[in-house]
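Hi,

Here is the structure I promised to pass on. Have a look at it first, and my notes follow below.

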Amino acid sequence: MPSEHQSRREIVQFGRMLHERGFIAATDGNLSIRLDERRILITPTGMSKGAMRPGDLMVADLDGLRLKGKREVTSEIGMHLLIYRMRPDVQAIVHAHPRTATGFAAAGIALNQPLVCEVVIGLGQIPLAPYGTPGTPELARTLEPLIPDYDAILMANHGVVTYGNDLRSAYMKMETVEHFAQITLVTRMLGQQQPLAHADLEKLVEVRSRYAGVNSAARMPLHSANGNGALEFPSQLPTNGKAAPQRATLRPRATLRPRGSAIPLEN
């Protein structure tokens, strides 16, 4: 793991990038890094993420208790703590409100169509969690069913959360979500979408283990082109740390239908 000093510099850097790219406004958004098994480094509440300094960040334990720092911890720390508890592989989290992706979340539309191969390989699909009041346990409860299987989640009427094995990876996933949302919006404006065929999805599952930068322990299910099931990614981080071969299977799974969504998502 990087040192606390390095982690502070990284959060300041990526917080500034989020603000410069219009992924957050005013005091929106929050970022965190897992420092060790007992502590996280997280952004404060009520502060622009484009104007932070390393000393503005807070250290908290996994119960949300502030251990170091003069400011108040973000009110959405519960979401971060839940993800860290459920996903031991996750080392960093980014929450933001990128315009297009948040527009889909506000419209109740998941980004779950296999339209772009890089998104299929890197994220599977991007589900939509039902609305939960920010800064309350209600928000964590809406995310809980989706966290084990996905690395990027739309939150209805709220924004996006992404996470990865380091902060750069979590940030890159946020960029990917917004880029894919823009592509999806264009296909909707054109009035036509051409999802990848089932056979092509099978091939993408096979090559995923060889794709640089994909190192998630999530299964990242995919909707099949014919709508009869979901291609599942099994966990690919065995104890030796090397990617295991991927094998696609079609199996029925329990589904969750978020508010306003006409397409059931994998749960």
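The protein has seven helices and 12 strands; these are DSSP runs numbered from the N terminus, with at least four residues of H or I for a helix and at least two of E for a strand. Bear in mind that this is a predicted model, where local features need pLDDT of at least 70, side-chain atom pairs count only at pLDDT 80 or more, and totals for chains, interfaces and linings use all residues. Residues are numbered from 1 along each chain as its sequence is written, and side-chain values use heavy atoms, with hydrogens and water left out.

How far can you trust it? pLDDT is the predictor's confidence in each residue, from 0 to 100. The average is 84, and 82% of the residues score at least 70. Over residues 224-229, though, the pLDDT is below 50, and over residues 233-267 it stays under 50. Where pLDDT is low, the predicted coordinates should not be read in detail.

On the overall build, buried residues make up 51% of the 267 (buried means under 20% relative accessible area, exposed over 50%, partly exposed in between, with a 1.4 Å probe and protein chains only). Of the contacts with a separation of 6 or more, 62% are between residues 24 or more positions apart; a contact means heavy atoms within 4.5 Å.

Now to two places I looked at, starting with strand β1 (residues 30-34). Both of its faces are covered: N30, S32 and R34 on one side and L31 and I33 on the other are all buried. β1 pairs with two strands (DSSP has to find at least two bridges between them for that). With β5 (residues 92-96) it runs antiparallel over four bridges, and S32 has I93 as its bridge partner there. β1 and β2 form a hairpin with four residues between them.

The other place is strand β7 (residues 152-155). A152 and L154 point one way, I153 and M155 the other, and all are buried. β7 runs parallel to β6 (residues 128-129), joined by two bridges, with L128 opposite L154. Together with helix α5 (residues 137-143), β6 and β7 make a right-handed β-α-β unit: with the strands pointing away from you, the path from the first strand over the helix to the second runs clockwise. β7 also pairs with β8 (residues 159-164), antiparallel over four bridges, and A152 stands opposite T162. Three residues separate β7 and β8 in a hairpin, and N157 in the turn has a positive phi of about 55°.

Cheers
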